[in-house]
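Here is a short note on one part of the model, point by point. Please keep the viewer open while reading.

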Amino acid sequence: MIMLCNYTEYGSDNGISMKDRFQEKPYPGQDKIVSYLRHNGTPTAVQARMSSDRFTGERIPGEYSITALDDGIFSWWSDLAYHVEKYNLRLSKEFEDYVLNKK
């Protein structure tokens, strides 16, 4: 399984921050990627805590817990879609190609 949330903000010790992957403007295919993250994936675990913006600490509207999801190839936390949408976060090229090339 390939973890998409491999960032320091998610507790990873690899030294890569989501900030390093932010874009100034929305990018082509971003809406499809956000939709995929929100509507695909099988829940595998739930953290009983409120979901919050990993930079401001503000609660994410409509998110009442954090769920680990996977689609059999990739895994991610449910709040990742929020950060992709709000901050124009680019994920790995491998994942973006995977989602954007799905029929």
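This is a predicted model: local features need pLDDT of at least 70, side-chain atom pairs count only at pLDDT 80 or more; totals for chains, interfaces and linings use all residues.

1. Start with what covers the buried residues of helix 3: the cover includes helix 1 (30–39) and strand 4 (74–77).

2. Helix 3 spans residues 93–100. Its buried residues are Phe95, Glu96 and Val99. Viewed down the helix axis, these buried residues stay within an arc of 100 degrees, so they line one face of helix 3.

3. How do helix 1 and helix 3 pack, and at what angle? The angle is about 90 degrees, and the axes lie 10 Å apart. Angles of 65 to 115 degrees count as roughly perpendicular, so helix 1 and helix 3 are roughly perpendicular to each other.

4. Helix 1 brings Lys32, Ile33, Tyr36 and Leu37 to this contact. Helix 3 brings Phe95, Glu96, Tyr98, Val99 and Leu100. By class, the residues of the contact of helix 1 with helix 3 comprise seven nonpolar, no polar and two charged. Phe95, Glu96 and Val99 take part in the contact and are also buried.

5. Now the loop between helix 2 (80–87) and helix 3: asparagine 88 is found there. Is asparagine 88 buried or exposed? Its relative accessibility is 8%. Buried means under 20%, so asparagine 88 counts as buried.

6. Check the backbone at asparagine 88 too. Its phi is near 55 degrees, a positive value in a residue other than glycine. Most residues other than glycine have a negative phi.

Conventions: Residues are numbered from 1 along each chain as its sequence is written. Side-chain values use heavy atoms; hydrogens and water are left out. Buried means under 20% relative accessible area, exposed over 50%, partly exposed in between (1.4 Å probe, protein chains only). Helices (H or I, at least four residues) and strands (E, at least two) are DSSP runs, numbered from the N terminus. The arc is that of the directions from the helix axis to the C-beta atoms. Contact means heavy atoms within 4.5 Å. Axes are lines fitted to C-alpha atoms, for helices over the stretch in contact, and angles run from 0 to 180 degrees between N-to-C directions. Angles under 35 degrees count as roughly parallel, over 145 as roughly antiparallel, 65 to 115 as roughly perpendicular and the rest as oblique. Ala, Val, Leu, Ile, Met, Phe, Trp, Tyr, Cys and Pro count as nonpolar, Asp, Glu, Lys and Arg as charged, and the others, Gly among them, as polar.
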